[in-house]
Amino acid sequence: MATIHDEIDSWLAADLHGELSNNERNALHAHLLDCAGCRKTHQEIKTMNKILEETLAQEKPDPAFEQRMLAGFRKRAPQRAGLVKLLVDLMRLRAVQITAVAAALLGLVQIGRMITGENATSLRKRYAEAEVAAPQPPESRPSQAGALGRSGGIAAGRPQDLAIEAPAPPPATRSKFREESKAAAATVAPDKAEQGETTESEAFAATPESPTNAEEAGKTRGESPAPALANRKLIRNAIVELEILSFDNAVQKITAVANEEHGYIATTDSEKQANGKLRGQVVVKVLPENLDLFLQKIRSLGELKKQTLGTEDVTKAYFDTDARLKNAHVMEQRLIDMLKTKTGKVSDLLQVEKELGRVREEIEKMQGELKYWDSQVQFATVTISLAEKDMEEPAAFLIRERAQLALYAPDVEKTYNEIKSLASPKVQITNAQLNRDYSGRVSAQMSMLIAPEESDGAIGRVKVFGRVENFQTQTQRTAQGGNPAAAGSENARTKRDKVELNIAISREEQEQAFQQTSLRIRTSSVDEKAKELRALTEKQGGRVRSSTFSRDPDGRAVANVSLRVPMKNYLAIMQSLDSLGKVENVSVQRQDRTDAQIDEANAPADVSIQVYSQGNIVTEESGLLATLRRTLAQSAGAIMWSLRMIGVAIAFLAPWAIAIVGVIWVGRRIIRAKR
Amino acid sequence: MDPSEREKYQAAIHGDREAFEMIIRTHSRTLFAIAYGVLQSREEAEDVAQDSLVKAWKTRWRVRDPEKFPAWLATIARHKAHDVFRKRRTVPLSEQATEPIEPEPANTSALDQKLHSALAALPELHRAALTLRYFEEMDYRTIENSLGLTNGALRGILGRALTSMRKQLRPALTPMD
């Protein structure tokens, strides 16, 4: 029972605390019978236990302890009432937290947008539209007044819309302004406001007030940016685009409608197009309140293409100018007084006179401005753009021909001069240039304009001067005074314009071969055969363009000969090649230039021939030793490569490993610190 | 854990005040015992128990597993008690010197004083186990739950605690035999 003896303390303690199972207790008691030392310990522990029980029982909290805890808890963590509790409980939910964070972010984005002004105007417009579309019942207006007063920018836009809706404000709206002014007052004296508010608004509802009240209310608002409704200066204008059958008819009808709606025609202008159709503009002035009706009537005249309706608020500018005008008048009066008293030096008087002139000029300018605004406000401007149907029908077509000619000539300069001499009143040379590039090659570019009836003949004459490599013509049809795709174009006249001819002359040498052939000839005596080949070429009317000869250390000789023959001699030379040796690897490439007119018989054909002989068969690149050497070199390369790859992998992984170890270390430190 | 107990803890975590008050009734003595184990002062221990309960109510949503609620409560109480203990140590020396004598008036015997000093010499965990056992006569299982110990560990702790007390008090014990 070594274990019991070794851990006798805990066994005894558990026994005293009644936590031993029956088996354990029996075992312990059996051991106690055997062991005198443990018996002594048992005694001591029993006493200890008793003392502890007695002593610590005194320290035990009294029976009222729980009650005190509960009372303290209730005092320090008071129960939240209804809504607050619900909110707090809700905030504890993860989903609600996420939603709240998302909402907060969205809110920030919106605020940012408003601050930067992005979309701000459209927002206001939408707000205004909603207002006009659904006018609220008058009773609900006063309750909104406070909110309106607070949201400055939007509120400024609102009375303006109301003005459009109803020029003469109904009593309910007036009480709204009253309310608004009071909302401002309420911030000064909040205690008074509560009782005063109800009685006053009741008074308004009960007695329909005279219009002066509204103005009064407007004045009490002091520095508020929006003055009373009736004084708003709004310029309304509309732009309408119509497609009509007959211009004159439409103008007549517009005049009639304008008269009906108490408006007048300000300006008309019209313009006759090349195809005989009329296009024009009519500016009509109508009273703003009749604008909508007028537009409706106008629309029935023809097909509506576009309509825009705009309102410009010039209230602020108007009243600013008005105030400045008043100041200027005062200034003027003062200057006049100064002149009247006529004291002071002559130069001073002159100065005053000058100043007076300046002030008067300013006054006139401002008066003019105000008058202009008044007239603009008094009448709405409708700009009607009229266009007769089939406006786009073209009047005529112009056919323009453009030709490109590429010539190859043996002597570029001579050909160039010959073409130049063709110039006549019907053939104008617009551009002629002779170029010599860095390697001494000569080429020429020419452009000419040829009268339509002369064009075929002139082009034919130019073609004779050299070998035509390429000839292309393009025809372009342009419509005059309209859209070529529009209906009615088949009726239009057709006219032929001058033919533009661009000629490029290059030396024959530079011409690309019509057909390219490459082949190899195996023979024993390369030198000799190459010479023979050159002689053969001369005989067939061809030219040797390049020729090389080389012999490598193994005794192999190679000669490369490239030659050019006319197409008509091509077959003959190919046949004669057989006599030189064994012909191998023949490949023929032909360029199909279907788009161009080609003189095939004289077109050049290139033939490149490799004449070679076989050398020694065994080289240094074969044999046992070479194979061994190659194998060794390759394996060394492979080992170096894998070493390099391992290095790269370590370099890539090391920072990660260091970072992960660091994070784990810090985490452990934190956990340890918490413990 | 008993399903009804579990339900009670769950309700408390979700903000059911009644369930939480029930828990206060059943667990405040445990908290007191733990705090007493650290501080050896009834007033301070009671304050700590009170503070712990309020803190537990305010941060109850941090507990994910209702099974761990009692152990979590005990942890709060232990931390709070340690905070108080640490603050007490920073009290100026002159006050500290008078303190040990003052709270033990004449009505406590010499044995009591010795017992208290022996208790003070024990490691904190041992003291907590002892106070839980002798204040509340808790069975080992409940103590294990509250302190987050295994049965073997608790037995060892209690055995060692008793023995070390016994050794320190031996001169006082012998006359009683």
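A residue is taken as buried when its relative accessible area is under 20%, as exposed when that area is over 50%, and as partly exposed in between. In this predicted model, Glu21(B) has a relative accessibility of 10% and therefore counts as buried. Its side chain meets that of Arg74(A) in a salt bridge, with N and O 2.5 Å apart, and because Glu21(B) lies in helix α2 of chain B while Arg74(A) lies in helix α5 (residues 65-76) of chain A, the pair joins two chains.

**The interface of chain B and chain A**

- Contact between the two chains involves 46 residues of chain B and 40 residues of chain A, and the area that the chains bury between them is about 4,600 Å², of which 58% is on carbon and sulfur atoms.
- On the side of chain B, the residues that lose the most area to chain A are Arg17(B), Arg29(B) and Tyr134(B), which together account for 16% of what that side buries.
- The rule finds 7 salt bridges across this interface, and it also finds 14 residue pairs in polar contact there, both residues of each pair being at pLDDT 80 or more.
- Two or more residues are given to the side of chain B that touches chain A by each of the elements α2 (17-39), α3 (42-58), α6 (110-121), α7 and α9 (151-173) of chain B, and α9(B) gives the most, with 11 residues.
- By residue class, the side of chain B that touches chain A divides into 22 nonpolar, 6 polar and 18 charged residues.
- Arg29(B), one of the residues named above for the area lost to chain A, also forms a salt bridge with Glu66(A), in which the closest N and O atoms are 2.7 Å apart.

**Salt bridges in the structure and within chain A**

- Side chains of opposite charge can pair when their charged atoms come close, and over all chains the structure holds 29 salt bridges.
- Asp374(A) forms a salt bridge with Lys233(A), where the closest N and O atoms are 3.9 Å apart; because Asp374(A) lies in helix α17 (residues 346-378) of chain A and Lys233(A) in the loop between α13 (211-220) and β1 (234-244) of chain A, the pair ties together parts that are 141 residues apart in sequence.
- Arg360(A) is partly exposed, with a relative accessible area of 37%, while Glu332(A) is buried, its relative accessible area being 14%.
- Asp9(A), Lys40(A), Glu44(A) and Arg166(B) are joined into one network by salt bridges that share partners.

**Chain A as a whole and strand β16**

- The secondary structure of chain A comes to 22 helices and 16 strands, and buried residues make up 32% of its 675 residues.
- Among the contacts in chain A between residues at least 6 apart in sequence, 77% join residues that are at least 24 apart.
- Strand β16 (residues 604-612) of chain A is largely enclosed by the rest of the structure, because 7 of its 9 residues are buried.
- Strand β12 (residues 515-522) of chain A pairs with β16(A) in the parallel sense over 8 bridges, and Ser518(A) has Ser608(A) in β16(A) as its bridge partner.
- Strand β14 (residues 557-566) of chain A runs antiparallel to β16(A) and is joined to it by 9 bridges, with Arg564(A) standing opposite Asp606(A) in β16(A).

**Arg127 of chain B**

- Arg127(B) lies in helix α7 (residues 124-136) of chain B and, at 8% relative accessibility, counts as buried.
- The side chain of Arg127(B) reaches the backbone oxygen of Val38(B) at 3.2 Å.
- Leaving aside residues up to four places away in sequence, Arg127(B) touches Gly37(B), Val38(B), Gln40(B), Leu119(B), Ala120(B) and Leu122(B).

Notes. Residues are numbered from 1 along each chain as its sequence is written. Chains are lettered from A and ligands numbered from 1 in the order in which they are written. This is a predicted model: local features need pLDDT of at least 70, side-chain atom pairs count only at pLDDT 80 or more; totals for chains, interfaces and linings use all residues. Side-chain values use heavy atoms; hydrogens and water are left out. Buried means under 20% relative accessible area, exposed over 50%, partly exposed in between (1.4 Å probe, protein chains only). Helices (H or I, at least four residues) and strands (E, at least two) are DSSP runs, numbered from the N terminus. Two strands pair if DSSP finds at least two bridges between them. A polar contact is a pair of N or O atoms within 3.5 Å; within protein, one must be able to donate a hydrogen and the other to accept it, and residues adjacent in sequence count only if both atoms are side-chain atoms. Contact means heavy atoms within 4.5 Å. Buried area is the accessible area (1.4 Å probe) that two parts lose on being put together, summed over both. A salt bridge is a side-chain nitrogen of Lys or Arg within 4 Å of a carboxyl oxygen of Asp or Glu. Ala, Val, Leu, Ile, Met, Phe, Trp, Tyr, Cys and Pro count as nonpolar, Asp, Glu, Lys and Arg as charged, and the others, Gly among them, as polar.
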